[in-house]
Amino acid sequence: MLKQQVEMHTTAASAEPLQPDATALTSRRRFLNACACQPVDRPPVWLMRQAGRALPEYRALRQKHSFLELVQTPELAAEATLQPVRRFGFDAAILFSDILVTAEGLGQKYRFDENAGIQMDFALRSAADIARLDVNALPERLPYVPRALRRVRTALGQQTALIGFAGSPWTLATFMAEGGSSEHYTHAAALFRKERKTYFELAEKLTAAVVAHLQMQIKAGVDAIQIFDSHGGQLAPMEFQEASGRWMRQIISELRIANFKLPIIVFSIGTHGNWDDLLATGANVLGIDWRFPLADARRLLPRDVGLQGNLAPSLLNDATPEAVAAETLRLLEAMRGRNGYIFNLGHGVPPEAKLENIAALVETVRGFK
Ligand code: CP3
C-alpha cells in the first residue's frame, strides 16, 4: 500500500510551506507543517518505538537476527524502520537504531540481551575513561547509519517524513556511567553532584558526539530530529538545567550555527516542572510525557512551540480498542484548533501492545475532522 502511495504522491511533495488545498497534504507535509505550527487537515501521527516487539513482522526478523545486527545492517535497519509505516500508514518513520549508537561511535560498545537489557562493554567512571572517548572517529565507526537512512528515504520518497534521533547527553551519561540498563542509575548523578568538573568534561564530549551523529543523519536526508531525554526526570528540578537542559540547548544552537534549519523535537520525561529550561533549549516541538495533562501543556506553552504526545502507553496493552479510540479522541479534542500538534504516545510503544489498539489509535487520528 505504501509503495502505491509513494508513486501517487511523489510529484505532490515540495519544500514550499502550506499547500492551498489542505486535502492534498502528504504525510511528510502534514508532519512538517505541524512542526512549524502551520495549519494542517488533521494532526499527524507517529509513535515512539513504533518499530519493535509489538509487531509480528519485527519478531520474525528477530528470530533470524540479533538486535545489533538489525541496527548495524542497513538493509535490515531500513526494513525494521518501514514495517510499522507499511502496517499502519504513520505520517513519519523513525530510523530503527538506538541512542547508544552514539556511545559506540565514541568507542564504548553496547549489546542488548533479552533479560539484562542494554549492557555496555565497560562502565565509564573515571576521568581517564572519559579522556579515552574519541569524538573524531564517530563518523567512520557508524557508516551504517547514513546508509540505512538513504535506503529508507528512497523507499519513502517524499510521501512520509523521516525522523532521525539521538539521546541527550545526560541520558547517554546515565547508561554509559552505569554500564547498561539498571533499576537505578546512580553513577552519572554522583558524578554530577560530587565531581562537577569531570561530569562537564563528559557532557561536553557527549554534546560534540551527538552533534556529529545528528549532522550525519541530517546530511543523509532526515526531515526532523528528536532528542530523547528519557532520564531527565531522575534529576531534581533545580539540577536539570546544568545536568541536561543546557547541553540540549548547546546541541540545538550548534546545529543552527551550522545552518541546519530542520525542526527539532525535545522529548524529556518527567521534567514538566522545568518548562523554562525546556523552552530555552530552542526546540521547535516539545514532547509531553503521559503523566502531564496535555490541555495544561497547551495552556502553559507559547503558541509558536509545537506539542507532541501523549496517550498513556499502557492503554495499548490492556484497554479495549474502543477505550483507546475514546482516549485518543479526548486528546485530539483537547488540542482542537491549536496549530502545531503531533499525535504520539507519552512514551514508547510497549512490547505487549495489542495491534488492534494501535490500529484504533491511528484510525481515530486519521478520521479526526
Ligand atoms: O521505533 C523506534 O522508535 C525506533 C527505534 C528506537 C529504539 N530505541 C529501538 C530499540 C529508538 C528511537 C530507541 C531510543 C532509545 N533507546 C531510548 C530513548 C527512548 C525511550 O524508550 O526512552 C533509550 C532509553 C534507549 C536505550 C535502550 N535500547 C534500552 C533501555 C533498551 C532495552 C529496553 C527494552 O525495550 O527492552 C534498548 C533496546 C531496544 N532499542 C529495543 C528496540 C526495539 C528492544 C530490542 C528488541 O526489541 O529486539
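## Salt bridges

The count comes to 17 salt bridges, a salt bridge being a side-chain nitrogen of Lys or Arg within 4 Å of a carboxyl oxygen of Asp or Glu. The model is predicted: local features need pLDDT of at least 70, side-chain atom pairs count only at pLDDT 80 or more, and totals for chains, interfaces and linings use all residues. Residues are numbered from 1 along each chain as its sequence is written, and side-chain values use heavy atoms, with hydrogens and water left out.

Glu 114 and Arg 53 meet through their side chains in a salt bridge, at 3.6 Å from N to O. The pair links distant parts of the chain, 61 residues apart. Glu 114 sits in the loop between strand S2 (110-113) and strand S3 (117-120). Arg 53 sits in the loop between helix H2 (27-35) and helix H3 (56-64). Helices (H or I, at least four residues) and strands (E, at least two) are DSSP runs, numbered from the N terminus. Arg 53 has 34% relative accessibility and counts as partly exposed. The classes are buried under 20% relative accessible area, exposed over 50% and partly exposed in between, with a 1.4 Å probe and protein chains only.

Arg 111 pairs with Asp 121 in a salt bridge, and their closest N and O atoms are 4.0 Å apart. Arg 111 lies in strand S2 and Asp 121 in the loop between S3 and helix H7 (127-132), so this pair ties together parts ten residues apart in sequence. Arg 111 is partly exposed at 41% relative accessibility. Asp 121 is partly exposed too, with a relative accessible area of 47%.

Arg 193 forms a salt bridge with Glu 239, with 2.6 Å between the closest N and O atoms. This pair also links distant parts of the chain: Arg 193 is in helix H11 (residues 187-194), Glu 239 is in helix H13 (residues 237-257), and they are 46 residues apart. Which partner is buried? Glu 239 is, at 8% relative accessibility. Arg 193 is partly exposed, with a relative accessible area of 47%.

Salt bridges also link Arg 30, Asp 41, Arg 42 and Asp 91 in a network.

## Aromatic pairs

The structure holds 13 aromatic pairs. Rings of Phe, Tyr and Trp (its six-membered ring) pair if their centres lie within 6.5 Å; planes under 30 degrees apart count as stacked, over 60 as edge-to-face and the rest as tilted. Phe 165 and Phe 228 form an edge-to-face pair, 5.5 Å centre to centre with 85 degrees between the planes. Phe 165 is in strand S4 (residues 161-167) and Phe 228 in strand S5 (residues 224-229), 63 residues apart. Phe 165 is buried at 7% relative accessibility. Phe 228 is buried, with a relative accessible area of 13%.

Trp 275 and Phe 292 have ring centres 5.3 Å apart and planes at 75 degrees, so this pair is edge-to-face. Trp 275 belongs to helix H14 (residues 275-280), while Phe 292 lies in the loop between strand S7 (285-287) and helix H15 (294-300), 17 residues apart. Both residues, Trp 275 and Phe 292, are buried.

## Aromatic cluster and charges over rings

Trp 170, Phe 192, Tyr 199, Phe 200 and Trp 247 make up one aromatic cluster. Arg 196 lies over the face of Phe 192, 3.7 Å from the ring centre. Arg 246 has its charged end over the ring of Phe 200, 4.9 Å from the centre. A charge sits over a ring if NZ of Lys or CZ of Arg is within 6 Å of the ring centre and within 35 degrees of the ring normal.

## Packing of H12 and H13

Helix H12 (residues 196-219) packs with H13 at an angle of about 35 degrees, and their axes are 10 Å apart. Axes are lines fitted to C-alpha atoms, for helices over the stretch in contact, and angles run from 0 to 180 degrees between N-to-C directions. Residues making the contact include Arg 196, Tyr 199 and Phe 200 of H12, and Arg 246 and Trp 247 of H13. Contact means heavy atoms within 4.5 Å.

Thr 198 is also in helix H12. Thr 198 is buried, with a relative accessible area of 12%. Leaving aside neighbours within four places in sequence, Thr 198 is in contact with Ala 127, Ile 130 and Leu 191.

## Leu 262

Leu 262 lies in the loop between H13 and strand S6 (264-268). Leu 262 is buried, with a relative accessible area of 11%. Not counting residues up to four places away in sequence, Leu 262 touches Ile 218, Val 222, Asp 223, Ala 224, Ile 225, Arg 256 and Asn 284. Leu 262 and Asn 284 are 22 residues apart in sequence and 9.2 Å apart in space, C-alpha to C-alpha.
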